[in-house]
Amino acid sequence: MISDAERDVRIVISPYHLTTREPPAMVALLLASRAVTMLPTPRAGTDRASVREAGERTPRLLQLMESWAWCAPLFASGVASAIQECEGSAPLLEDVLARIETEPEFEPLRPLMRSNFFAHEESYLDAICGDVLKGGPDPGVSVPVTAALDALASSRGMVVARSDSDSLVQRAERRAARRVFAVAVPVLLEASGRRVLEARAVLADTLAALGRAMSAMFESPEHADAVRAAAAAYRSAFAQSAERLLRGDEQSGNRTRAGFVAITGIVLRENASLLAAAEVAARSFRAPSAQRPASSQAKVAEPELRAIVVRSMSAAPHTTDDERAP
């Protein structure tokens, strides 16, 4: 049996996607050796007493944690974790906000930011938890959160999971992306945390092979055949285990549903989300100095950000068109 550590792909999940159980989160929780997200935490610490006290002052913090109860087994097993465990979310966000405030190419974003974001712990926790719970996006919150997670992923060699949103910001971001690979595979789109853990165990060998092949493709395009072969083997294993994995979950009462997704690997600049957001903001405000940031047109350069874009498919693919070479 292949261990989680041998899957060799660590994926960063947006708390927005985790809360709504969107396909990028479900793919990451199934495929990753470790999935990481952001959990806003009180400055006093993350022990139960500190969180409970902060929750009494900021009820939305407890509401957010309750909304993640479905994936508690994944956190308990170590498959998923929150970045507060290793370095805290506030420093990452503070760094992003400082960049927006001082770097000229992000000037169009400044009117959207909250100048007193970290002035009071209650306002900080309430703003982030509230925006995540309602699905956002308040750009004053969602832009720095996304950029902070991207910075974390880039600095630690992780992959960030993106949705296939057709928003103006994501369109601008994708224009600057370099496509690396694409595969079409079945995944659990709706399932309890316990069932995701079961799927990870049942499909461990093929998930590990697929994860290693994707990681290799980010390093060199010569591994395209390996990605396609790994995806085919995983599709076959999933089909053989589908009856077991899709049975009703009596303990949790949660429904289990599967479907095909297209997973596209891309490479971006580490600050691609900030550049794209600044480009869209510049067009919206039509300020004299708000032209498209020249650097957003540049080729991918260090530091890089590796990402997978997840798109739900209405039906199983009949061909491998989505897996053609970049």
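1. In this predicted model, strand β1, residues 10-12, pairs with strand β2, residues 34-37. The two strands run in the parallel sense, and three bridges join them. One of the pairings to look up is V12, whose bridge partner in β2 is V36.

2. The β5 end of the order shows antiparallel pairing. Strands β5 and β6 run antiparallel and are joined by eleven bridges. Within this pair, V187 has G259 of β6 as its bridge partner. Strands β6 and β7 also run antiparallel, here with nine bridges. For L268, the bridge partner in β7 is L305. When tracing side chains along these strands, keep in mind that in a regular strand they alternate between the two faces of the sheet.

3. R178 forms a salt bridge with E304, and their closest N and O atoms are 3.9 Å apart. The pair links distant parts of the chain, since R178 lies in strand β5 and E304 in strand β7, 126 residues apart. The count for the model comes to 16 salt bridges.

4. Next come two packed helices. Two such helices are described by the angle between their axes and the distance between the axes. For helix α11 (residues 204-219) and helix α12 (residues 224-245), the angle is about 160 degrees and the axes are 8 Å apart. Why is α11 called roughly antiparallel to α12? Angles over 145 degrees count as roughly antiparallel, and the angle here is about 160 degrees, so the pair qualifies. The crossing of α11 past α12 is left-handed.

5. What makes the contact between these helices? On α11, the residues are T206, L207, A209, L210, A213, M214 and M217. On α12, they are A224, A226, V227, A230, A231, A233, Y234 and A237. Of the residues in this contact, 14 are nonpolar, one is polar and none is charged.

Definitions and conventions
Residues numbered from 1 in each chain as written. Predicted model: local features only at pLDDT ≥ 70, side-chain atom pairs only at ≥ 80, totals over all residues. Heavy atoms only, no water. Axes fitted to C-alpha atoms, helices over the stretch in contact; angles between N-to-C directions. Helix = DSSP H or I, 4+ residues; strand = E, 2+ residues; numbered from the N terminus. Parallel < 35°, antiparallel > 145°, perpendicular 65-115°, else oblique. Left-handed = near helix turned anticlockwise from the far one by under 90°. Contact = heavy atoms within 4.5 Å. Nonpolar A, V, L, I, M, F, W, Y, C, P; charged D, E, K, R; others polar. Pairing = 2+ DSSP bridges. Salt bridge = Lys/Arg side-chain N within 4 Å of Asp/Glu carboxyl O.
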